[in-house]
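Colleague: I have not looked at this chain before. Could you take me through it one question at a time?

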Amino acid sequence: MDQRKRIAIYGGTFDPVHVGHLEIGRRISELFAIDQFLFVPARQAPHKQDREVSAGFHRYAMLALATQDDPQLVVSTFELDAPDRRYTVDTVEHFQRELNGSTELFFIMGADSWSEITTWREWERLLTMTNHIVVTRPGFELTKDHVGPHGERVFFTDVVMNDVSATNIRRLASEGRTDQLDDLLPCPVLEYIKKYGI
Ligand code: ATP
């Protein structure tokens with residue numbers, strides 16, 4: 001059996017981190033025997049430049065609060081610290097170089113991201129350079145038809161099926177309906193949002 005340490009890289013905007021993201025971190029870690037599950041907030045996702053994203057330090061703070069009690073869930077500032085925005089292919093390459101073959105890497109994404117993967121920078125190289133785990137999301141189909149022969153290192157899982165989305169949370173928060181956010185956000189994240197008026 002492969003004794004290498006297993007590390008998951010989970011990129012996203014996390015504006016804000018919600019219970020769906022956390023459920024993915026916890027359930028994927030269990031299912032794939034992940035030793036360290038890294039949340040890697042983006043400076044600003046290249047494909048989400050049509051809207052204003054909350055400051056990186058707020059998104060980092062909410063992630064840190066949300067993962068505080070789970071030792072294997074860790075937040076990485078690699079993309080936030082970069083002088084300019086990083087593409088996923090660069091981030092994965094960075095961790096591969098840094099971890100130097102002593103670990104097995106898994107990149108995690110939801111079914112909505114997977115359906116758009118062919119728009120990502122150097123997607124063919126990204127798909128073949130490491131393992132990928134795609135998680136089901138209500139309303140999105142899981143197929144490999146769009147990636148042709150590049151899907152060999154891609155695993156699908158339905159271990160999480162949750163229709164929570166950050167877009168919906170931002171809408172509820174902007175309409176002042178914070179009482180409806182209880183089930184969608186971890187408590188300290190909801191408190192943080194109220195306290196700083198995000
Ligand atoms: P937004 O509504 O702003 O697009 P989001 O809820 O999709 O946000 P992101 O930070 O964009 O959250 O997501 C990071 C990653 O997590 C993406 O790969 C996305 O597909 C995945 N993801 C987010 N929410 C879910 C969910 N409920 N089920 C499965 N995957 C999810």
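The questions below go from the whole chain to single residues.

Colleague: How many helices and strands are there in the chain?

Modeller: This is a predicted model. Read along the sequence, its elements follow the pattern β-α-β-α-β-α-α-β-α-α-β-β-α-α. The count for the chain is eight helices and six strands.

Colleague: What radius of gyration would a compact globule with 198 residues have, and what does the chain have?

Modeller: The C-alpha atoms fill a box of roughly 50 × 35 × 35 Å along the principal axes. For 198 residues, a compact globule would have a radius of gyration near 16 Å. The chain agrees with that, at 16 Å.

Colleague: What percentage of the contacts in the chain with a separation of 6 or more comes from residues 24 or more positions apart?

Modeller: Of the 198 residues, 47% count as buried. Among contacts with a separation of 6 or more, the share from residues 24 or more positions apart is 73%.

Colleague: Which strands are at the edges of the sheet?

Modeller: The sheet is open, has six strands with parallel pairing, and runs in the order β3-β2-β1-β4-β5-β6. Neighbouring strands are turned by 25 degrees against each other on average, direction ignored. An edge strand pairs on one side only, and the two that do so are β3 (73-75) and β6 (154-157).

Colleague: Which residue in β5 stands opposite M109?

Modeller: Strand β4, residues 103-110, and strand β5, residues 131-135, pair in the parallel sense over five bridges. In β5, the residue opposite M109 is V134.

Colleague: Which strands does helix α4 touch where it packs on the sheet?

Modeller: Helix α1 (residues 19-31) also packs on the sheet, touching β1, β2, β3, β4, β5 and β6, and its direction makes about 150 degrees with that of β2. For α4 (residues 88-99), the direction makes about 160 degrees with that of β4. The strands that α4 touches are β1, β2 and β4.

Colleague: Is H58 buried or exposed?

Modeller: H58 is found in helix α2, and its contacts beyond four places in sequence are Y192, Y196 and I198. The cut-off for buried is under 20% relative accessible area. At 17% relative accessibility, H58 therefore counts as buried.

Colleague: What do the buried residues of α2 pack against?

Modeller: Helix α2 has twelve residues and reaches 16 Å from its first C-alpha to its last, close to the 16 Å expected. Its buried residues include G56, R59, M62 and A66. They pack against α1, β2, β3, α3 (78-81) and α8 (187-196).

Colleague: How does A64 count by relative accessibility: which class is it in?

Modeller: A64 is placed in helix α2, residues 56-67. Because its relative accessibility is 24%, A64 counts as partly exposed.

Colleague: In which loop does E122 lie?

Modeller: E122 is not a glycine, yet has a positive phi of about 50 degrees. A33, also not a glycine, has a positive phi of about 50 degrees and lies in the loop between α1 and β2. E122 is in the loop between α5 (111-115) and α6 (123-129).

Notes. Residues are numbered from 1 along each chain as its sequence is written. This is a predicted model: local features need pLDDT of at least 70, side-chain atom pairs count only at pLDDT 80 or more; totals for chains, interfaces and linings use all residues. Side-chain values use heavy atoms; hydrogens and water are left out. Two strands pair if DSSP finds at least two bridges between them. Helices (H or I, at least four residues) and strands (E, at least two) are DSSP runs, numbered from the N terminus. Axes are lines fitted to C-alpha atoms, for helices over the stretch in contact, and angles run from 0 to 180 degrees between N-to-C directions. Contact means heavy atoms within 4.5 Å. Buried means under 20% relative accessible area, exposed over 50%, partly exposed in between (1.4 Å probe, protein chains only). The expected span of a helix is 1.5 Å times one less than its number of residues. The radius of gyration is taken over C-alpha atoms; the globule rule is 2.2 Å times the number of residues to the power 0.38.
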